Amino acid sequence: MEFRHLQTFQAIVQEGSFLRAAQKLKYAQSTITLHIQQLEAELGVKLFSRRGKRTELTVAGRTLQGCVEQLLHRAANLQQTIADLVAGEAGHLRIGSIEPVASVYLPAILVQFCQKYPKVRLTLEVGVTQAIASRVATGELDLAICSPPHANLNLTFELLFQDPISLLIPKTHQLATLDEIPASLLASERLILTEEHCPYRNVIEKALILQGINPFSGIEVMSLEALKQMVGCGLGIGVMPTGAITSPPKNTIARNISDLDMKLPVGIVVQPGASFPGAVLDSLISDLKMSLKKLTK
């Protein structure tokens with residue numbers, strides 16, 4: 001069923017005759033007649049009947065009339081949506097991010113982006129690098145802000161900043177009196193770590209193992225907020241991204257490890273040659289680069 005045939009049908013109904021519909025649509029009257037004949041042949045019913053010089057709708061015609069306006073309205077909306085998409089004013093961007101980047105750094109960036117592109121639908125998925133990078137590789141996400149992905153995913157990675165890692169210590173703990181904590185003093189402490197596949201934990205484990213310290217003490221937490229609360233209750237020492245503890249919770253204090261430089265490389269991950277109609281994706285990537293690269297200065 002062609003929309004031009006439906007547009008012709010609607011024009012005849014609105015104008016009251018084939019002739020006036022032809023004049024409105026700037027068609028020859030024979031073209032108007034052909035459109036209706038083709039539409040009737042496709043539907044298998046007569047849509048109009050003639051009574052003298054008058055053109056009237058049949059029962060089938062009246063039934064079609066009730067649907068045509070809605071169909072044409074939807075078609076017009078679809079055309080506008082596609083036009084907005086091509087112009088970079090609409091669409092659906094799907095991004096992924098690790099924590100605490102998602103909650104600490106992205107909100108202000110995304111607020112500005114949404115103000116610039118109010119018609120663009122935005123989805124933010126928070127997860128570990130392994131999960132969100134895999135979803136970029138399969139096309140389920142348009143980009144991810146995370147640590148370097150596995151090479152076999154065939155994704156591009158552009159470094160934005162190095163995210164530092166710190167200790168969160170109960171204020172009543174004996175180590176809280178030190179300005180910086182030597183790694184050797186952590187050997188006998190209960191460390192509270194993030195989940196197994198967390199990229200920050202991978203950095204922590206590698207750094208401490210090279211110092212002859214096994215960081216695993218039997219406690220791992222998937223939520224950074226829960227981890228902070230556990231430290232506040234005196235359960236142990238949390239090892240976590242510095243950005244997540246810029247304002248340490250009550251009864252806790254943040255400290256650096258004096259002899260280890262623990263940082264996680266964080267950047268933008270996309271498919272090679274990734275694109276989005278209207279360059280909206282390029283605009284978001286540009287905003288992310290400009291804002292997140294400032295974190296390294």
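Helices (H or I, at least four residues) and strands (E, at least two) are DSSP runs, numbered from the N terminus. The structure is a predicted model, in which local features need pLDDT of at least 70 and side-chain atom pairs count only at pLDDT 80 or more, while totals for chains, interfaces and linings use all residues. Residues are numbered from 1 along each chain as its sequence is written, and side-chain values use heavy atoms, with hydrogens and water left out.

Next comes helix H5 (residues 101-116), whose axis comes within 10 Å of that of helix H9 (residues 280-292), the two crossing at roughly 140°. Axes here are lines fitted to C-alpha atoms, for helices over the stretch in contact, and angles run from 0 to 180 degrees between N-to-C directions. Angles under 35 degrees count as roughly parallel, over 145 as roughly antiparallel, 65 to 115 as roughly perpendicular and the rest as oblique, so H5 and H9 are oblique to each other. As for who meets whom (contact means heavy atoms within 4.5 Å), the H5 side includes Tyr-105, Ile-109 and Phe-113, and the H9 side includes Leu-284, Asp-287 and Leu-288.

Now for the inside of the protein. In soluble globular proteins, nonpolar side chains tend to be buried together. Buried means under 20% relative accessible area, exposed over 50% and partly exposed in between, using a 1.4 Å probe and protein chains only. A nonpolar core is then a set of buried Ala, Val, Leu, Ile, Met, Phe, Trp, Tyr and Cys residues joined through side-chain atoms within 4.5 Å. The largest one has 55 residues, and Val-101, Leu-143, Leu-186, Met-262 and Leu-288 touch the most other members. Leu-143, leaving aside neighbours within four places in sequence, is in contact with residues including Ile-95, Val-136, Val-270, Leu-284 and Leu-288. Another core lies apart from it, with 16 residues, among them Ala-21, Ile-36, Phe-48 and Leu-57.

Aromatic rings bring Phe-48 back into the story. Rings of Phe, Tyr and Trp (its six-membered ring) pair if their centres lie within 6.5 Å; planes under 30 degrees apart count as stacked, over 60 as edge-to-face and the rest as tilted. That rule gives four aromatic pairs. In one of them, the ring centres of Phe-18 and Phe-48 are 5.5 Å apart and the planes stand at 70°, so this pair is edge-to-face. Since Phe-18 belongs to helix H2 (residues 18-25) and Phe-48 to strand E1 (residues 48-51), the pair ties together parts that are 30 residues apart in sequence. Both of these Phe residues, Phe-18 and Phe-48, are buried. Phe-113 and Tyr-117 make a tilted pair, at 5.1 Å centre to centre and 45° between the planes. Phe-113 is buried at a relative accessible area of 0%, and Tyr-117 also counts as buried, at 16%.

Lys-26, in the loop between H2 and helix H3 (29-43), has a positive phi of about 60° although it is not a glycine, and is exposed at 75% relative accessible area. Asn-154, in the loop between strand E5 (143-146) and strand E6 (156-170), has a positive phi near 55° and is exposed at 57%.
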